[in-house]
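Dear colleague,

Please find the structure below for your records. My notes on it follow directly after.

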2 protein chains.
Amino acid sequence: MRIGIIGSGSWATALAKIVTDNGHSVQWWIRNEETIRYFQKRRHNPQYLSSVYFDLQQIQFHSSLPELIASSDCIVVAVPAAFINNLFGELPVDIFRDKQIISAVKGILPEQNELLNQYLERVFSFPLSQYFTLLGPCHAEEVAAEKLSYLTISGTDGPTVESLAAIFKNEYVNTLVNADIWGVQYAAVLKNIYALGAGIVHGLEYGDNFLSVFISNGAREVVQFLHASANKRSALDYTLSDYAVSVYLGDLLVTCYSLHSRNRTFGNMIGKGYSVTAARLELNMVAEGYYAARCIHTLNQQMGCDMPIAKAIYEILWNQVPAATAILSIQSSLV
Amino acid sequence: MRIGIIGSGSWATALAKIVTDNGHSVQWWIRNEETIRYFQKRRHNPQYLSSVYFDLQQIQFHSSLPELIASSDCIVVAVPAAFINNLFGELPVDIFRDKQIISAVKGILPEQNELLNQYLERVFSFPLSQYFTLLGPCHAEEVAAEKLSYLTISGTDGPTVESLAAIFKNEYVNTLVNADIWGVQYAAVLKNIYALGAGIVHGLEYGDNFLSVFISNGAREVVQFLHASANKRSALDYTLSDYAVSVYLGDLLVTCYSLHSRNRTFGNMIGKGYSVTAARLELNMVAEGYYAARCIHTLNQQMGCDMPIAKAIYEILWNQVPAATAILSIQSSLV
């Protein structure tokens, strides 16, 4: 099976490392031809995880997306959600026919307010049975350092999920399998909102005690949202210990607590008094939680879950409510 | 109502601060008369939270426990669980008659393997209806700094729980109420095991990714234990969002992640290669998780929950299994 990777950020680079370390070749799409030339000369990514060196014999680079797709059977998408429509919007509608797609996207498409599978189904009639996700509490920096991490492959086709899990498993990555293709994606989207919020709370100089209340109530909101959305799909029900595993709660924790977390860093700046615009300019990157806050706010208008934290973060990011005021206003709602 | 406090550690001192800040007088038992004399001269605890100054007009010190009990209607017990039997073992059996007891004990009595309410019932026929707990994610250092914290009062007598909650609520402490007197105590005991384990994992140089897997699986074990023990008592059932609140999950998080956590520090030393004895000597204090690991191991022999992490920590602390070996052995059990 020919494996393709789309993206040149730290997460795409980490995934390329895992796959090539496991002895597979990869087709790798990188938009910028200069980056490709640098890579071919120096054997590492010029901007991200530059300590990771690759064996070039295992990699075929592409700067043409149709070429990458044609050269791959299974395509790993590892770009920010906000870039997806620009990348895929002009492609022929049958281009993904008979391909497998693994989403390593940690967000929701901001303009469309769709998960990647919804977008692919609408635009390309791409079937859910060929769609998988690769998620879990996994900062790319620790993959680069070969620190033990856990990733979860989710999908509706059990045997394929198992075989894909084998591609990513090695001595520093443990892979788990899961059938909850919708829930894992919503959990991944939601956690960015709470991590951004954790950064805000930290920036406002609340302490560890309050932070733990904030994050446990964030977990509570995720659980309620997943429960409501699962009921809507008449799919899974969530029990307590279903959620307290790495791909849901673990991912929330690492994103809220790790200093590697971009969402937390972005929130911290806002808590310290930066405007949203200034924080975005300064960081020069997309914090998925920024868009996620608006998307989830919209989705929850139909769902009606009680999500005071998500609402407060939305008000801070999109309605200019001062961070201190918004956090003060939810204190009596936390349990 | 006359409020008594038993203990002179950091948590007892923090509670005395909260109660006196709220305008109440306290009867305060401190074993060491020299500490009392220092306190009376300098207005602060010589050893713990020494930045917190008290108004001596609000405090009556006692070095005699019977005297403290006779002078109090409601007694807050804030000593390590391992000291309880030495303190209370020789008291007359009717000494607590008509008193209210609030347990701020974060552990289980190690020799008796009993929660404080079980011990009080067995030794003093003390009724559960007059027993309450004060728990939650609350490091004393942040109370001293007046950082916003949340505490939960639990008990079977709802109206009294509400009135006790009012005693502790102020601008830096939010109090919540809860009826699950058994579950909150088991959660408080269990979290020390996982925090000690988080320290071990950190000491062994695992990264943030693995730590989040470890802690989310710890949460999973707590949930399963609470569920099994609740079924045994035919009392509460636990749903997902019941657990994801401050007194359960929040307390686990702050204890696992905060550098204020003594259990985490103790575990970290073991992960770095200290023997259990050397770590205990070096820290010169009781890490509740040390005893909790053995007590929960024993309790779970009847309960039969799947608790690979708790078992591994028990093996490290009590059966001389090397930390690296024990953690390696559970990696494939984590989800």
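Helices and strands are named here as DSSP runs, helices having at least four residues and strands at least two, and they are numbered from the N terminus. Please note that the model is predicted.

In those terms, B:His139 sits in the loop of chain B that lies between strand 6 (131-135) and helix 6 (140-144). With a relative accessibility of 9%, B:His139 counts as buried. Apart from neighbours within four places in sequence, the residues in contact with B:His139 are A:Asn209, B:Val254, B:Thr255, B:Ser258, B:His260 and B:Ser261.

Chain A holds an open sheet of 8 strands with mixed pairing, in the order 3-2-1-4-5-6-7-8. Strand 3 (59-62) and strand 8 (173-178) of chain A are the edge strands, each pairing on one side only. From one strand to the next, the twist averages 25 degrees. Within chain A, strand 5 (residues 100-103) and strand 6 (residues 131-135) run parallel and are joined by 3 bridges; A:Ile101 has A:Tyr131, in strand 6, as its bridge partner. Helix 5 (residues 116-124) of chain A packs on the sheet and touches strand 4 (74-77), strand 5 and strand 6 of chain A. The direction of helix 5 makes about 155 degrees with that of strand 6 of chain A.

As to disulfides, the count over all chains is 0. A disulfide requires cysteine sulfur atoms within 2.5 Å. The sulfur of B:Cys295 has its closest cysteine sulfur in B:Cys305, 16 Å away, and is therefore too far for a bond. Both residues are buried, B:Cys295 with a relative accessible area of 2% and B:Cys305 with 14%.

With kind regards

How values were computed. Residues numbered from 1 in each chain as written. Chains lettered and ligands numbered in written order. Predicted model: local features only at pLDDT ≥ 70, side-chain atom pairs only at ≥ 80, totals over all residues. Heavy atoms only, no water. Pairing = 2+ DSSP bridges. Axes fitted to C-alpha atoms, helices over the stretch in contact; angles between N-to-C directions. Contact = heavy atoms within 4.5 Å. Buried < 20%, exposed > 50% of the residue type's maximum accessible area, 1.4 Å probe, protein only.
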